[in-house]
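Q: I want to learn how to read cavities and a sheet in a model. Can we take them one by one?

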Amino acid sequence: MAYSELIKNFNKIREYMRQFYVYGFRSRSEFDFKSARSYDNEHRRLQSWLGEYMRFRHEEDGKVVFMSIDGRNLPCNPLYKAFKTKSFTDNDITFHFFVLDLLAKEQEYSASNITSLISSEYLSYFDNSGYCDESTIRKKLKEYVRTGILKERKQGKELLYSRNESNLNPDSWSDAVSFFSEYSPLGVIGSYISDCTGKSDSPFRFKHRYIFQALDSQILYMLITAINESRDIRPKVKTKRIDLIGNNSVHPLKIYISTQNGRQYLLCYHIELNRLLFIRLDNIIDLTIADVNENRETYLKECELLKKHLWGVSAKEPDHLEKIEMTIHIEEHEEFVFNRLMKEKRCGSVIRKDPHTCVFTAEVYDAMELVPWIRTYIGRIEDFYCSNPEVTNCLNRDIEKLDELYGGVCDAV
Amino acid sequence: MLFNEVYSCYYNTVSKIIEVSINGKLDNKTMNAIIRDIAFAESGIDIPQALKSRRWPFLNNDLSTVIRHKPDRPLTLLEKRWLKSLLSDPRIKLFEIKQEGLEDVAPLYTEDTFVRFDVYTDGDPYDDPKYIENFRTVLSAMRNKRLLRISYTDNNGRTHNHDCAVDNIEYSLKNDKFRAIGACKHGTIIINLSTIDHCALLDADTTSCGYSMVRKKKELIAQLEDKNNALERAMICFSYLEKETIQTDDTHYIFKLKYFEEDEAEILIQVLSFGTYFKVVAPQEFIEKIKSRILKQKKLRTRF
C-alpha cells in the first residue's frame, strides 16, 4: 500500500510515539516492531507531523531519533496533532463541505434534494468531477446525524436534514477550553473545539504536564463509555500483565491519575478473581466493550473501603495492612517541611510533637509504595518504623549507598 | 468516535483555504502558507494536488471557489458532551462562561470517575470570590496587554507591591495551583494567585513598559542504573522536562535534563526519590545539595 501521512487506525502509531517520546534512545534496529519498513513509515509520519520536535544523534548502532519537547513552554499539547490525521476518501471530504454549505443559513433538505443540488450547484462547474450517488449521501447524512453535526426531522414520509446548530457562545468558552484541553481528561476534544472555533491563543502554561497521556486517549474514551453504561470490558493487555488478565472480563470503575508522574490506571473489578485491581492504561493495547453488569454499586462500595488504606495504586493484599511511622526533624525556619508533610500525607496522618518534631503514620496495603516518597525526606528522618521489615531495610540500604555514591560525605570540622 | 476525519487537520486546512478564497485573497503563495501553518510537512504536496486535480472539487482554475459560505461546522455531540463535563469541575468558576446550548446534552464523564490520588491537598480556593476576581483580573490584563498592579503577601508575611506585565498563567497539576509569571522593573516575577491580596488593571499597556522576563535554565546530568524499572520511572517522571537520554551500556544511561533555576528544590526532591539508581554528576552545586542532605541524615541517624 502506498505511503500516506494520514492513517486509518490510531493504535498503529501509538506505541511508536511513546517509544520516540518517552524512551528516545533506541536506534532503528532496537525497535521491536513488525519490520524495518514499518519503522521507516512511522518515523516518516512522525517527522511530518512533529518534525520541529524531532532530534537525532549518531551512535555506533545507528541513528537515534528522539522527541525533545519542553512541555512547560507550550500552550497546547503537540501530540494532539496525531489525532488529526484520520484518513478519508475523496467522497468524504467532498460531502463534508458541500452538504454543510448547502445547509447553511438554516436550510433544510431531504437526501434526494441534497444529492441533486450537489450535482447542479457544485459539480456542474467542473468537468469529470465524479458522480454523486444518493445511497452514499444517505449513509453519510446518517453518520453526521450520529456525530451531532446534522439533525433530521420527519416531514410526511421524508426525512429532512439541517445543521444542528446550538446557541452555545464559543467566545465565552475560549479561555476555559484553552485551559481544560490541557488539564482535563480527553483534552484532545478541547483541541478539536479550538480548531473549529478558530481560537488558538492560550494564556496558560502547565507545570508537571505529562503530554504522553494523550496517547492513551482512545483507550480512555472507550473506558469512559463502558463506565457510563455500566458495562464490563475485555482488555487486551501487554504481555507482562496477560497472565493476570487473560481473556477475562473486568468491570471498569475509576481512572486513577498520578499528577507526579502522569501515569493513568484503570481501577476495575476482576469478575473471575473476585477482586479489585489496577491496570496501567498504557499497558492496554485494545479493549472490547461487553455486557451490562448489575453489580456496579457493590463494586463501588468496595472501592470506597479500599481508598482508606490506599497510598497509590497497589493493594496487593487487601486483607493485610502494613504500618509506617516516620519521625521528621524540623530545624529553625523550616516550617515548610511540616507544611509539605501535611499536604502530601494522603491516607496517613501527621502529628506535631513539638516545634522541631512531627510524626507521620499510615496503615497501607503496600508500604513499599511509600519508599520513593520517604527517600525525599532523607536529611530529616529522626526515626523510622515499618511493620514490613523489607521497607526499613530498603531505607537503610539507600542511606548507606547514597553516602558511598557521593563519595562518603564527612562532617566538615 | 474520538479519531474521526471531521477533526482532521486536512479538513481544517481546506476550510481555511476556502475561506480565504471566498474573501478573494487566495493565490498559490497564500495556499502554501495556510498549509504550512495548519497542516503537516508533507501536506504541501498532497493538498494542492487534490484541490487542483479536482479530486476535491472546491476550487476553479483561478482559485475562486464554488462554496458560497465561510466553511464552519456545528460542534459534534462528543465536543458538547466534553464541554458539559467541564461544568462539574470546580475550576470552571474561574471563567465567565455562558452555559446556554448544553441543556440537552449528557456529560461525557463525571468528576468522580477520576481520582488524582497524589495531588497535594493545599490547592487554590476555587470557591473563594476574591480569588476568582483576582484570577479574572490577571487573565484580563494578559488578554488586553495591560499592566497590572499587584499587592501580595509572601510566606514570611511581608506585603509586596509591584506593577507587572503578565506573560502567562501557569498551572501546576501536582500542586493544584495557579501562578502569574511575568516581568516587573526588577526582572522576572512569579506570584501564586492565592497570595494576591489585591490586583487592578492599569491604563498603561505592556508593550511600552520596558519590563523583560529572563528565566535561567540549568542542566542536570545524571547516571542512571536500570534496576527495578528505574529507567522507565525516570523517563516518565522527568518527561515534562526537556531531556536527552544516552545509553552507555546494557543497564546504564546518561540523563540530561533542563530545568528552571527556581525549580531546583523540586528537582532535588524528585532526584532523591530515585535513591541510588540516579546519580547526579553535574552541576556541582546540585551535588553539594544532595551531600548536605546526606550529612544531615548522618547527624540524625543512619540506621533504623
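Q: Which element gives the largest share of the lining of the second largest cavity?
A: This is a predicted model. Rolling a probe the size of a water molecule over the atoms shows where empty space is left. For the second largest cavity, the largest share of the lining comes from α6(A), with four residues.

Q: What volume does the second largest cavity have?
A: Its volume is about 60 Å³.

Q: Which residues line the second largest cavity?
A: From chain A, the lining takes L168(A), P170(A), W173(A), S174(A), V177(A), I193(A), S194(A), T197(A) and K199(A). Two elements of chain A give two or more residues each: α6 and α7 (188–197).

Q: How does the lining of the second largest cavity split by class?
A: Seven residues are nonpolar, three are polar and one is charged.

Q: How many cavities of 30 Å³ or more are there?
A: The count is seven.

Q: How much space lies in the largest cavity?
A: About 260 Å³. The lining of the largest cavity has 22 residues. Those closest to the centre are E182(A), Y183(A), S184(A), P185(A) and Q213(A).

Q: What classes make up the lining of the largest cavity?
A: There are 11 nonpolar residues, seven polar and four charged.

Q: Now the sheet. What is the order of the strands in the open sheet?
A: The three strands of chain A follow the order β3-β5-β4, and the pairing is antiparallel. β3 (109–110) and β4 (150–155) of chain A are the edge strands; each has a single partner strand, so one side of each has no neighbour in the sheet.

Q: How many bridges join β4(A) to β5 of chain A?
A: Six bridges link β4(A) with β5 (residues 158–163) of chain A, and the two run antiparallel. Take one case: K151(A) has S162(A), in β5(A), as its bridge partner.

Q: Which helix packs on the sheet, and what angle does its direction make with that of β4(A)?
A: The helix is α5 (residues 134–147) of chain A. α5 touches β4 and β5 of chain A. The direction of α5 makes about 115° with that of β4(A).

Terms used:
Residues numbered from 1 in each chain as written. Chains lettered and ligands numbered in written order. Predicted model: local features only at pLDDT ≥ 70, side-chain atom pairs only at ≥ 80, totals over all residues. Heavy atoms only, no water. 1 Å grid on protein atoms, 1.4 Å probe; cavity = no way out; pocket = protein on both sides within 12 Å on 5 of 7 lines; lining within 4 Å. Points joined across faces, edges and corners; volume = space filled by probe spheres on them. Nonpolar A, V, L, I, M, F, W, Y, C, P; charged D, E, K, R; others polar. Pairing = 2+ DSSP bridges. Contact = heavy atoms within 4.5 Å. Axes fitted to C-alpha atoms, helices over the stretch in contact; angles between N-to-C directions.
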